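Please look over the model shown here. The briefing below walks through its main features.

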Amino acid sequence: MTPSAVPTDQSLLETLAAGDLGALRQLYDRHAPWLSVRLLRRCNDREVVSDVLQDTFVAVWQSAERYRGSGEVGAWMWGIAIRRLVSRLRSRRDVVLLRDPATSLGASAAFEDELLAEVEYGDLGHALAELSPELRAVIQATVLDGLTTREAGRLLGIPQNTVKTRVHRAKARLRASLVEGDRP
Amino acid sequence: MSTHVLPTDLRAWVLGEADGIVSLSVEQHVMHCSDCQRAVADTMAAPPAPGAAPTTPAAAAPDLTLVWQAVRESLEVPRVSLLERLLSRLGLPPADAMLVAAAPALRGSWLCAVALAVSFAVGGAVSARTGSSGLFLVLAPLVPVVGVAAAFGPEAGPALEQESSAPYPLARLILLRTAAVLLAALPVVVVGQLAFPQHVAWSWLLPALGFTATVLGLSPWFGPWRPALFVSVLWVVATGAAARVATVTAVLAPRFLVLYTVLLLAGPVVLVLRARRLGTIGRISS
Amino acid sequence: MTTTASLDAVSKHYRSVAALDRVDLALSPGITGLLGPNGAGKTTMLRVMATVLRPDAGSVRLLGRDPTDPEARTEIRRRLGYQPQELGFPRGFSAFAFVNYMAVLKEWTDRDARTAEVRRALELVGLGDVATKRISRLSGGQRRRVALAQALLGTPELLVLDEPTTGLDPEQRASLRGVLADIAASSTMVISTHQTEDVAALCNRVVVLDAGRVHFDGTVPELVSLAAGKVWMAHDPDPSALASWRTASGRHRNVGEHVPTGAKLVEPSLEDAYLLLRGARDEASHDRHTTEVAS
């Protein structure tokens, strides 16, 4: 008997596509925690996040066969979750923008540099830090979370055109930032 | 170069204390790192640190166990169907509504009903030109007969043995289902009636119900299909003979109407009595 | 000891054949195994016990009541669970949906309580993870377990199981035996089976049925003792033995009445005793024509 290896996300998806609820439970135990935290950071309403989480896993169950194995399962699940959140948001009051504590820039620059070194994007992370919160929010929504401009608008509570202009501006700033400042 | 995140950053992110950039970084990473996913789960499951403010976002996180139960329930428990809700609205107790709606034959009989309605409509148009409604008179009573047989024939009763050992009265179940199937089948013949010339009127209804009752009454001994076939053949022969001798509507002469009424009354009574005495219906009973 | 179920001179005929011929039987709490060849009348007997079939003659008492009375019959059925041999399920139902449907038939009217009970029954038979699968997509052994799950709803006092282990692989059979053993502690169970190992592992009592008659009714050790001194090992199959087969060691195990002198006797098993019983019966009636009755 092979040593009991921890099943991969892919294999769990295959099992649950065949109708195994236990596999869904395992996937849930693995991914629901971080999904719920990430969702909560975009919408601080616990009830809405609970509902979205529930919908997400029901959707995972129903569309497991359609997952073609392209890309990570985590990213795929996040894609489902964020779209569910967007379609559920009705009241602007539910939405909280990315928080930016007052201490993020300034005195603790060295600390900041250390952090940025760990960001996936290296130089881009540094450039992102220099953006204003509004611009960063649209970049996060469109580029990092993979939403369309319309969906990003619904999430952030701003018109779609505003999203477009801000993305345009943000990308211009990032480009400029990367071109000019690649040596600290 | 593997970019991992500091455990402190991860924890801060979970508790909602991390700033924008750290969060960006953590979120992109956690999506595909199983170790960090586990760390998040552990952090969330752990009791709050001593001295932590009671309003930390971690406390505001959804109860994952409750959400799982909701997921499971929505996947396992069959939804209350439209038909069930309709039947409950009509006054049927929810349990009975569920049992009737679960009748496997209902789906099939709806399809047949639609097909028959269409053919009656076409036939009506044809006969309006030729002026004969005999065919309608022959076919109309057989529609509910076939429908009822389908309602509790072998295809509808594969679980009969298991159902028989349950306390719910089987005769009642079958009558409820029969009624449901009739409700599905009768609109068909109503449409047919409207499509065909008036002079047949609604008089086919009595033979229809009488035959249905006969099938029900004989089913404890023979199952539903044999009586259904027997009755159908008899009716076709009778109408054929009537058409030969006089007109088709001779089968609707008063003395026959009495016969149909007797059948209509006797059938369910026989069924219920026999079923109660034996407690079983169908092929096991003999 | 209380009698949960009793059959008194019960007979049942199909056309000219007697499926049950003046059978007397009394069941008490615990597990009773029903052994017998195909056509012995096991299914007929179990159907009578499950109130699904009415005998032609004789009287039946189940849980202290008479099933010929309609009210008593309903009352009995409330405390009864039956898993038939022939399985049938309505089309399009998932395992959960079907057990839920049977729960409705068993008068579980409260939705939440019913859902919890259905889940409990499915977990008990090991189908918790595949509850949402369509029954048509389940394996034969899994379908049999669905039928068992509905029988276990409401922890009935009388459990009638017709071949519950048929179609299960050895691992599933072992786990099922564990489940049944736990349940039987608080109820009366009667199981029919072809496997003597099931009887040996599970049952306090065993009844051997053949051609509608009871040929043995007693404890398992009593049945085994019938074969004491009548089982021996030999290098070759012994022609005078009733039954003889090759064992893993390569030598032959022989069971019979006429033990050769000096033969190497071995401890009898339940299977040996059963074969002896069957063999004895065949010898006594070898010129009587027996029709195979679908049991």
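The points that follow are grouped by topic.

This is a predicted model, in which local features need pLDDT of at least 70, side-chain atom pairs count only at pLDDT 80 or more, and totals for chains, interfaces and linings use all residues. Residues are numbered from 1 along each chain as its sequence is written, while chains are lettered from A and ligands numbered from 1 in the order in which they are written.

**Confidence**
- The model scores ipTM 0.83 and pTM 0.76.
- Chain C has an average pLDDT of 87, and 95% of the residues score at least 70. Here pLDDT is the predictor's confidence in each residue, from 0 to 100.
- Residues 287–295 of chain C stay under 50 in pLDDT. The model has 15 contacts beyond four places in sequence for this stretch. Two residues are in contact if their C-beta atoms, placed from the backbone, lie within 7 Å.

**Where chain B touches chain A**
- Chain B gives 33 residues to the contact, and chain A gives 42 residues.
- On the side of chain B, the elements that give two or more residues are α1 (7–15), α2 (20–30), α3 (34–45) and α4 (64–76) of chain B. Helices (H or I, at least four residues) and strands (E, at least two) are DSSP runs, numbered from the N terminus.
- α2(B) gives the most to this side, with ten residues.
- By class, this side of chain B has 21 nonpolar, nine polar and three charged residues. Ala, Val, Leu, Ile, Met, Phe, Trp, Tyr, Cys and Pro count as nonpolar, Asp, Glu, Lys and Arg as charged, and the others, Gly among them, as polar.

**Helix α3 of chain B**
- The twelve residues of α3(B) should span 16 Å at 1.5 Å a residue, and its end C-alpha atoms are 16 Å apart, which agrees. The expected span is 1.5 Å times one less than the number of residues.
- Cys36(B), Gln37(B) and Val40(B) are the buried residues of α3(B). They cover an arc of only 110° around the axis, so they lie on the same side of α3(B). The arc is that of the directions from the helix axis to the C-beta atoms.
- Asp35(B), Asp42(B) and Ala45(B) are exposed on the other side of α3(B). A residue is buried if 20 or more other C-beta atoms lie within 10 Å of its own, exposed if 12 or fewer, and partly exposed in between, with C-beta atoms placed from the backbone.

**A sheet in chain C**
- Four strands of chain C form an open antiparallel sheet in the order β11-β12-β10-β13. Two strands pair if DSSP finds at least two bridges between them.
- β11 (243–246) and β13 (264–265) of chain C stand at the edges, each with a single partner strand, so one side of each has no neighbour in the sheet.
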